[in-house]
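Work through the exercises below with the sequence and the model side by side. Try each task before reading its solution.

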Amino acid sequence: MDVYSSDVIAAQSGDLKAFERLINASKNTVTAIALGIVRDIDASEDVAQKVFINCWQNLASLTNPKSFMPWVRQVARYMAINYL
């Protein structure tokens, strides 16, 4: 089991603290991806917030907890592109 798997499983069960830990672990990556695409600091923070809302709403669809970071990175890319 990887570093995030237990938090993913807990968050899928509704544990907000576990999801908060996932956000803290991935927020720099998500914001950097968004910034690289939208090229605006404020916009990248807006995109990052939307990414985490989307991830919370769709966390149940993540079938492999080990795939959390690749999944959240892909969501960040799609949402930043859609922002443009």
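Predicted model: local features only at pLDDT ≥ 70, side-chain atom pairs only at ≥ 80, totals over all residues.

Residues are numbered from 1 along each chain as its sequence is written, and side-chain values use heavy atoms, with hydrogens and water left out.

**Exercise 1. Find where confidence is lowest and where it is highest in the protein chain.**

Solution. Start with the scale: pLDDT is the predictor's confidence in each residue, from 0 to 100. The protein chain averages 96. At least 70 is reached by 99% of the residues. Now go by element; helices are DSSP runs (H or I, at least four residues), numbered from the N terminus. Helix α1 (residues 5-12) is lowest, at a mean of 96. Helix α4 is highest, at 98.

**Exercise 2. Describe how α2 and α4 pack.**

Solution. First, locate them: α2 covers residues 16-38 and α4 covers residues 68-83. Next, take the geometry. Their axes are 9 Å apart, at an angle of about 35°. Axes here are lines fitted to C-alpha atoms, for helices over the stretch in contact, and angles run from 0 to 180 degrees between N-to-C directions. Last, list the residues that touch, where contact means heavy atoms within 4.5 Å. From α2 they include Leu-22, Ile-33 and Ile-37. From α4 they include Phe-68, Val-72 and Ala-80. By class, the contact has 13 nonpolar residues, two polar and two charged. Ala, Val, Leu, Ile, Met, Phe, Trp, Tyr, Cys and Pro count as nonpolar, Asp, Glu, Lys and Arg as charged, and the others, Gly among them, as polar.

**Exercise 3. Work out which residues of α1 are buried, and how they are arranged.**

Solution. Apply the cut-offs: buried means under 20% relative accessible area, exposed over 50%, partly exposed in between (1.4 Å probe, protein chains only). Ser-5, Asp-7, Val-8 and Ala-11 are the buried residues of α1. Seen down the helix axis, they fall within an arc of 165°, so they line one face of α1. The arc is that of the directions from the helix axis to the C-beta atoms. Their cover includes α2, α3 (41-58) and α4. Zoom in on Ser-5: its relative accessible area is 2%. Beyond its neighbours within four places in sequence, Ser-5 contacts Pro-65 and Lys-66.

**Exercise 4. Compare Met-79 and Ala-80: how is each classed by accessible area?**

Solution. Both residues sit in helix α4. Met-79 is partly exposed, at 23%. Ala-80 is buried, at 0%. Now check contacts, leaving out residues up to four places away in sequence. Met-79 meets Val-47, Lys-50, Val-51 and Asn-54. Ala-80 touches Ala-34, Ile-37, Val-38 and Val-47. Finish with a distance: Met-79 and Val-47 are 32 residues apart in sequence and 6.6 Å apart in space, C-alpha to C-alpha.

**Exercise 5. Find a residue other than glycine with a positive phi.**

Solution. Recall the background: most residues other than glycine have a negative phi. Look at the loop between α2 and α3, where Arg-39 lies. Phi of Arg-39 is near 60°. Arg-39 is exposed, with a relative accessible area of 69%.

How values were computed:
Helix = DSSP H or I, 4+ residues; strand = E, 2+ residues; numbered from the N terminus.
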